[in-house]
Amino acid sequence: MSQHHYTTKSNGLLERLFHLSSLNTNPKTEFIAGLTTFLTMSYIIIVNPLILGDAGMDKGAVMVATCIAAAIGCFMMGLIANFPIALAPGMGLNAYFAYSVVIHQGVSWQVALAAVFCSGILFLLLNFFKIREALVNAIPMALKMSITAGIGLFLALISLKNTGIIIQNNNTLVAMGDLFTYKTGLAALGFLLIIVLDQLRIRGAILISILFITIISAILGYSEFHGVVGAIPSIAPTFAQLDFSNLFRPDIVAIIFVFLLVDLFDSTGTLVGTAHRAGLLVNGKLPRLKRALLADSTAIIAGGVLGTSSTTPYIESASGVAAGGRSGLTAVVVGIFMLISLFFAPIVSSVPVYATAPALVYVGILMMQSLLHIDWKDMTEAAPAFLTIFFIPFTYSIADGIAVGFISYAVIKLCTGKAKTVPYMVWIVAAIWLAKFYFIGG
């Protein structure tokens, strides 16, 4: 059988699966788009294990869970929904998992994984009863955008604290640390490299910066480099380690609710925004939305079982769309590269915290762009937005920031005669948070 016959047969299968012709694309373009998306989001393979490692989880197992959960999400998004949108454990959600839930609230990571799993189940139910779209539409834009910006500041604060650029101070709470150490110097160099590469439109700027600082650190003797390729770590330390014993405690219910709420905004916004850039919206709506949401929900559940925080669609998928990706084949290619990445575990164990800190600051900058969509001239919108943004980093709790945002929004609107403009869902959420603070505390 000739090579041409194999190629034709292969293209025929891809055509049936992904409808490439009707989407005006081809396998080569989709492969390049998938590789582009992978390079722009692959930093999560390194960053996620380090963040969840701070919560006491095994970094090697988390890396495996990250890659497999991402692959599952990508394959489902590609094969079922046929969208060029990749999924992986989300930034912000992993920070909430590690720093707010486990470290700040003292919840075990096993219970936190159970909360992630339950939030995925709730997502499935919301999708089945078509409630998810109604929930997203009911939440005011100011709160949606301020939550994103607040998480961005939270990530930046955590990274700067970890590198010693910001330190704890008894008189002023926080203060400037020593800027002339090897940690701060290499972190600053890594951040500058990301910005320069981004300005030059070089794909994979974050990953390049992380690897560069890791190698330089090893050469200078500040850290150890454990190699590039190695055996796949065992996933046993995190696989199926979910603890459901305290699931109905009020504080754990609140944690599940925050996982649900944050991912609700993040995933839906990314799906619609990326699809819009790809020209895939029909009359302003996303076709096959139910299938896309099914992929999202299933990936969250799988991630909880495997041992990682919530999986969500990645805004970095827009880079693949810009490279020509129009079908689910792009997402499938990303999933394949995620599985190949399993063999690069030694790199993860070699990365020092000051190599990933610039990436978190950069992601924080991207998340702050959501501020552009807040109506700052309307103080009844601006004040709750500001309080949300402020309280997330300064209470070291995404949940508390969201709570203050909802409560202040409802109270301010009520006291300014605009109570009728507040969606009923906001009243419900605000009441739940007030009850939580009164009976449980912050």
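**Reading a predicted chain**

Colleague: Between which two helices is histidine 19 found?

Modeller: Histidine 19 is found in the loop between α1 (3-18) and α2 (27-41). Please keep in mind that this is a predicted model.

Colleague: What share of the protein chain is buried?

Modeller: Buried residues make up 55% of the 442 residues in the protein chain. The chain exposes about 19000 Å², and carbon and sulfur atoms supply 68% of that area.

Colleague: How many helices and strands are there in the protein chain?

Modeller: There are 19 helices and four strands.

Colleague: What does the radius of gyration tell us about the protein chain?

Modeller: The value is set against what a compact globule of 442 residues would have, which is near 22 Å. The protein chain has 22 Å, so the two agree. Along its principal axes, the C-alpha trace spans about 75 × 55 × 45 Å.

Colleague: What share of the contacts joins residues at least 24 apart in sequence?

Modeller: Contacts between residues at least 6 apart in sequence are considered here, and 81% of them join residues at least 24 apart. Leucine 339 and valine 64 are 275 residues apart in sequence, and their C-alpha atoms are 8.7 Å apart in space. Leaving aside residues up to four places away in sequence, leucine 339 touches Cys67, Ile68, Ala71 and Phe75. Its relative accessibility is 32%, so leucine 339 counts as partly exposed.

Colleague: Which residues does serine 100 contact, and where does serine 100 lie?

Modeller: Serine 100 lies in helix α5 (residues 93-104). Apart from its neighbours within four places in sequence, it is in contact with Ala95, Gln105, Phe154, Tyr396, Ser397 and Ile398. Its relative accessibility is 0%, so serine 100 counts as buried. Serine 217, in helix α10 (residues 205-219), also has 0% relative accessibility and therefore counts as buried.

Colleague: How many disulfides are there?

Modeller: A disulfide requires a pair of cysteine sulfur atoms within 2.5 Å. By this rule the count is zero. Cysteine 74 is in no disulfide, and the nearest cysteine sulfur, that of cysteine 67, is 11 Å away. Cysteine 74 has 0% relative accessibility, so it counts as buried. Cysteine 415 has 65% and therefore counts as exposed.

Colleague: How many positive and negative side chains does the protein chain have?

Modeller: There are 23 positive and 18 negative side chains.

How values were computed: Residues numbered from 1 in each chain as written. Predicted model: local features only at pLDDT ≥ 70, side-chain atom pairs only at ≥ 80, totals over all residues. Heavy atoms only, no water. Buried < 20%, exposed > 50% of the residue type's maximum accessible area, 1.4 Å probe, protein only. Contact = heavy atoms within 4.5 Å. Rg over C-alpha atoms; globule rule 2.2 N^0.38 Å. Areas by Shrake-Rupley, 256 points an atom, 1.4 Å probe, with all protein chains shown as cover. Lys, Arg positive; Asp, Glu negative; His and termini not counted. Charge placed at Lys NZ, Arg CZ, Asp CG, Glu CD.
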